[in-house]
Amino acid sequence: QQDAGPSLYSASATGSIFLPTLQCINIDVLETDAIQFSKAEEYDNGRQMPNFIRATVISNVPYLISIMASGPNLSSDAGDARLMPVSVISLRDNISNQFVSITPVAQPLLVNKNNDVHSVYMVDAHFNPGWNYSGGQYNTTLVFTLTAQ
């Protein structure tokens with residue numbers, strides 16, 4: 001009989017790795033002063049504010065960021081003034097590069113277009129109340145929602 005040489009044996013082991021979904025959003029309003037209208041053309045055409053908001057996202061999954069207002073109208077210190085709808089505010093999306101009017105219903109604003117875990121978006125704003133509202137301070141709360149896709 002001939003020696004067949006060393007015998008080869010193999011074995012395998014099975015294991016798994018669990019990576020939780022990681023998602024975090026931070027919103028910074030870069031213009032801290034109230035938006036003021038001081039020229040007739042601003043009342044006529046509105047006021048555009050480039051880089052008004054910085055949205056910083058950390059996510060290890062594809063995502064969508066939606067925007068909505070906390071209510072249909074801005075609150076006001078103008079007393080019995082006509083209610084100003086939140087739709088006078090619009091933000092530029094990165095989906096169609098168009099301005100999206102704010103409503104009290106969530107609307108898509110930003111989607112990830114890369115595989116980066118950390119992304120920063122600069123969002124332009126447009127304010128267009130026109131001439132129909134009394135002078136005063138108007139406020140609203142915007143709600144940004146980060147959703148895994």
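Colleague: What share of the 149 residues in the chain is buried?

Modeller: Keep in mind that this is a predicted model. A residue counts as buried when its relative accessible area is under 20%. Across the 149 residues of the chain, the buried share comes to 31%.

Colleague: And what radius of gyration does the chain have, next to a compact globule of 149 residues?

Modeller: Start with the box: the C-alpha atoms fill roughly 105 × 25 × 25 Å along the principal axes. A compact globule of 149 residues would come out near 15 Å, whereas the radius of gyration of this chain is 26 Å.

Colleague: What pattern does the chain follow along the sequence?

Modeller: The chain has one helix and 10 strands. Read along the sequence, the pattern is β-α-β-β-β-β-β-β-β-β-β.

Colleague: Which strands stand at the edges of the open sheet of three strands?

Modeller: The order in that sheet is E7-E3-E10, with antiparallel pairing. Each edge strand has a single partner strand, so one side of each is left without a neighbour in the sheet; the two are E7 (107-111) and E10 (142-148).

Colleague: Which residue in E7 is the bridge partner of isoleucine 67?

Modeller: Strand E3 (residues 63-69) runs antiparallel to E7, and four bridges join them. For isoleucine 67, the bridge partner in E7 is glutamine 107.

Colleague: Now the rings. Is the pair of phenylalanine 37 and tyrosine 43 stacked, edge-to-face or tilted?

Modeller: The structure holds three aromatic pairs, and this is one of them. The ring centres of phenylalanine 37 and tyrosine 43 are 5.6 Å apart, with 50° between the planes. Stacked needs under 30 degrees and edge-to-face over 60, so the 50° of this pair makes it tilted.

Colleague: Why does the pair of tyrosine 43 and tryptophan 131 count as stacked?

Modeller: The cut-off for stacked is planes under 30 degrees apart. In this pair the centres lie 4.6 Å apart, and the pair is stacked because its planes are at 25°.

Colleague: How many residues apart in sequence are the parts that this pair of tyrosine 43 and tryptophan 131 ties together?

Modeller: Tyrosine 43 sits in helix H1 (residues 40-45), while tryptophan 131 is in the loop between strand E8 (118-127) and strand E9 (138-139). So the pair ties together parts whose separation in sequence is 88 residues.

Colleague: Is tryptophan 131 buried or exposed?

Modeller: Tryptophan 131 is in one aromatic cluster with Phe37 and Tyr43. Tyrosine 43 is partly exposed at 27% relative accessible area. For tryptophan 131 the value is 54%, and over 50% counts as exposed, so tryptophan 131 is exposed.

Methods: Residues numbered from 1 in each chain as written. Predicted model: local features only at pLDDT ≥ 70, side-chain atom pairs only at ≥ 80, totals over all residues. Heavy atoms only, no water. Phe/Tyr/Trp six-rings, centres within 6.5 Å; stacked < 30°, edge-to-face > 60°. Buried < 20%, exposed > 50% of the residue type's maximum accessible area, 1.4 Å probe, protein only. Pairing = 2+ DSSP bridges. Rg over C-alpha atoms; globule rule 2.2 N^0.38 Å.
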